[in-house]
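Please open the structure in a viewer and keep the selection panel at hand.

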Amino acid sequence: MHNVKIITKDLYWVGANDRRIALFESVYPVPNGISYNSYLLLDDKTVLFDTIDKSVNHQFFENIEYVLNGKNLDYLVINHMEPDHCAEIESITKKYPQVKIVCNTKTQTMINQFFNFELPENQWQIVKEGDTLKTGNHNLTFVFAPMVHWPEVMVTYDTTDKILFSADAFGSFGAIDGNIFADEVDFDHRYMDEARRYYTNIVGKYGMQVQTLLKKAANIEIKMICPLHGYVWRKDLEVFIDKYNKWSNYEPEIKSVLIAYSSVYGNTQNAAEILAGKLAQLGIKDIKMYDVSVTHPSYIVADIFKYSHIVFASTTYNMGIFVNMENLLHDVTAHNLQNRKIAIIENGSWACCCGNQMTEIISKWKNTEIIGNNVQLKSSVKSNTRNELEILAQEITKTM
Ligand code: FEO
């Protein structure tokens, strides 16, 4: 049975939720599921904006059949060709054989890479930056947003209702729990962390390209944002846009310290806990600690984007960095983190060498400074290392 949500008098959400998926993109845990958003506009011409992931295709087709109510589908706009949104392009062309696909040349190439169907030339409407499509009352403008999150990505702006169909931008992990608008839920408490984890892990690497899109968006009046995942925004858009501005500028949201540690027998953890305690005594609030072997790196990456100061504390392992810490550091590097202050704690019982290797990785991060000297433990915290941790806490605090 259909589960359509009304967005405006002639725009409908025809997407679906998946709460059984364990790993989004085979990488990211989604304990609250994920929504795949697709939108259907009923104008003189009917327009579907993107499709969905194949895991939820049954619900999707029930939704569009209900909204179309016997009408033909005239256009399928492809804003993003990743299969979590476009798995059902071929099925749409089979079910609605007159449909015209509206996309750019890069998207068309990718469609031909992913699929094997043929469409007559007059059923491809290939658009360029700034092209428009009049569907009756509505006027759609296509704006390219390459690398947010794939090279073919574009967003569509409905100049009639001032709605931005934003592709992956402004999305979030988490299924839609009944409500469809962000202002109908306690977004800040229930979803902002997941929106940050979604942004940083999916698009975080491409801050410059997101900035380009934000600058284009700043020149148009936007009353509503319809992303491909998560809730639709129609109020307080500036709150979310401000977050995107910070995240894409690699600007911390809070001045505080995140400590990520690996510990095999508890001694490196002990050093991390002592440092955290000393920072707290010096007045630092909201300190956050993660054991990198316990928490999935996507959560730690997201919080590293949030915090101004990061401490990495690692054991030496196979003459290198402890494996989960090394993975985290490479993950942070891949996501292009910048503008942070870092401190390092290293541990080793006979050949402590992970500190230099961590420094080498971190030194590639733009505009990032390593504070003080690495604190080195030989197996466990002794009185001299406790003193060094005290000094490190003071040095970190001075840079706040
Ligand atoms: Fe939700 Fe880049 O796909």
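The stops below go from the whole chain to salt bridges, nonpolar cores and a surface patch.

**Before starting**

This is a predicted model, in which local features need pLDDT of at least 70 and side-chain atom pairs count only at pLDDT 80 or more, while totals for chains, interfaces and linings use all residues. Residues are numbered from 1 along each chain as its sequence is written, and side-chain values use heavy atoms, with hydrogens and water left out.

**Stop 1: the whole protein**

Display the C-alpha trace, which spans about 80 × 40 × 35 Å along its principal axes. In a cartoon view, look for 13 helices and 23 strands; helices (H or I, at least four residues) and strands (E, at least two) are DSSP runs, numbered from the N terminus. Of the 400 residues in the protein, 56% are buried. Buried means under 20% relative accessible area, exposed means over 50%, and partly exposed lies in between (1.4 Å probe, protein chains only).

**Stop 2: salt bridges**

Side chains of opposite charge can pair when their charged atoms come close. A salt bridge here is a side-chain nitrogen of Lys or Arg within 4 Å of a carboxyl oxygen of Asp or Glu, and the whole structure holds 18 salt bridges.

Select Glu65 and Lys95, whose closest N and O atoms are 2.8 Å apart in a salt bridge. This pair links distant parts of the chain, with Glu65 in helix 1 (residues 57-68) and Lys95 in helix 3 (residues 89-95), 30 residues apart. Glu65 is partly exposed at 41% relative accessible area, and Lys95 is partly exposed at 38%.

Move on to Asp183 and Lys235, which form a salt bridge with an N to O distance of 4.0 Å. Asp183 lies in the loop between strand 15 (163-165) and helix 5 (187-190), and Lys235 in the loop between strand 16 (224-226) and helix 8 (237-248), so the pair ties together parts 52 residues apart in sequence.

Now select Glu194 and Arg197: are they buried or exposed? Both residues are buried, and their salt bridge has its closest N and O atoms 2.7 Å apart. They are separated by about one helical turn, because they are three residues apart in helix 6 (residues 192-203).

**Stop 3: the nonpolar cores**

In soluble globular proteins, nonpolar side chains tend to be buried together. A nonpolar core is a set of buried Ala, Val, Leu, Ile, Met, Phe, Trp, Tyr and Cys residues joined through side-chain atoms within 4.5 Å. The largest core has 95 residues, and those with the most contacts inside it are Ile7, Ile89, Ile92, Ile111, Phe187 and Tyr244. Helix 6 supplies the largest share of this core, six residues. Centre the view on Ile7, whose contacts (heavy atoms within 4.5 Å) include Trp13, Tyr39, Phe181 and Met224. Another core, of 26 residues, lies apart from the largest one; among its members are Tyr250, Tyr307, Leu337 and Ile344.

**Stop 4: a surface patch**

Finally, select Val264, Tyr265, Tyr317 and Val323, which make a nonpolar surface patch of about 440 Å². Patches are made of residues with over 30% relative accessible area and no salt bridge; like charges are joined within 9 Å, and nonpolar side chains (Val, Leu, Ile, Met, Phe, Trp, Tyr) within 5 Å. Tyr317 belongs to strand 19 (residues 307-317) and is partly exposed at 38% relative accessibility.

Conventions: Accessible areas come from the Shrake-Rupley method with a 1.4 Å probe; for residues, only the protein chains shown count as cover. Lists of a residue's contacts leave out its neighbours within four places in sequence.
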